[in-house]
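User: Please take a close look at one strand in this model. I want to know what surrounds it and what it pairs with.

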Amino acid sequence: MEKSGGKVLKIPPVAARRPLVIAHFAMTADGKTSTRAFTPALFTSPADKRRLQVVRAGADAVLAGRGTVAKDSMSMGLSRENLRRERVSRGLPPVPLRVIVSNAGNLDPAWKVFDYPDSPLVIFSTRRMPARLRAVIARKAELFLFQGRTVDLRQALEILRAEFGVKRLVCEGGGTLLRSLAALDLVDGLFLTIAPVIFGGRLAPTLTGLPGPFLNPPREFEIIRQSTAGGECFLELRRKRGSVRIS
């Protein structure tokens, strides 16, 4: 793997620890996270939008896949000043580290996420990223390139822990990235908003993207907290393996 255009990154075996990974999603009552056209998720209430900021503020890093960043025109930042001040009072940067995963590396330097000045940006991609983009992206973010066709998500998490001190990471989508993390058993918990609306649509994505092979064995979670606000149900779930706390 290469870092920012050529430097080989070596991770000591003793530092091969990863952050706690919490996914944060909203879905309709019939299990859809977006429309068939993958348009931005506008089906939840203002309360859910505020909750997103609170969950984001509680993490050391925010993770999203390339498609989610592009479709939702994300900055991945933190807009609420009270949450920024609270982070600073705890000795943290005002805004969490921002992380994007893109296997093919087809990123647009003009996206909003690259112009957000208040927190560093880390990109994990592969050598499939077009050569003309590498130098441009490396000027705007910390760029890590893997040799294979896909990003090694386990190693990416270990890098975030070893290089950036990330202990708690929130994944905000999309479903393909969540499924990839779940397939490697790297999802420790889930914040889930269920909105009282039905989309339908066989090709509308779910929490794990479009229909595909089953996870074998299934990844089991348990509900540890539930509440209602704005007419929606909000669940906190944790992976069934020990006593990992997600909140």
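Analyst: Two strands count as paired if DSSP finds at least two bridges between them. Strand S4, residues 61-65, can be read with that in mind. The model is predicted. Mean pLDDT for the protein chain is 88, and 89% of its residues reach 70 or more. One stretch calls for caution: over residues 6-16, pLDDT stays under 50.

Start with the pairing. S4 lies parallel to strand S5, residues 97-101, with five bridges between them. S4 also runs parallel to strand S8, residues 168-171, joined by three bridges. Val-62 takes part in both pairings. Its bridge partner in S5 is Arg-98. In S8, its bridge partner is Val-170.

Now the two faces. Ala-61, Leu-63 and Gly-65 point one way from S4. Val-62 and Ala-64 point the other way. Both sets are buried, and S4 is mostly covered, with five of its five residues buried.

Next, the core. Leu-63 belongs to the largest nonpolar core, which has 33 residues. Leu-63 is among the members that touch the most others, along with Val-99, Phe-124, Leu-160, Leu-169 and Leu-181. Helix H6, residues 153-164, gives this core its largest share, five residues.

Terms used:
Residues numbered from 1 in each chain as written. Predicted model: local features only at pLDDT ≥ 70, side-chain atom pairs only at ≥ 80, totals over all residues. Heavy atoms only, no water. pLDDT = per-residue confidence, 0-100. Contact = heavy atoms within 4.5 Å. Core = buried A, V, L, I, M, F, W, Y, C linked by side-chain atoms within 4.5 Å. Buried < 20%, exposed > 50% of the residue type's maximum accessible area, 1.4 Å probe, protein only. Helix = DSSP H or I, 4+ residues; strand = E, 2+ residues; numbered from the N terminus.
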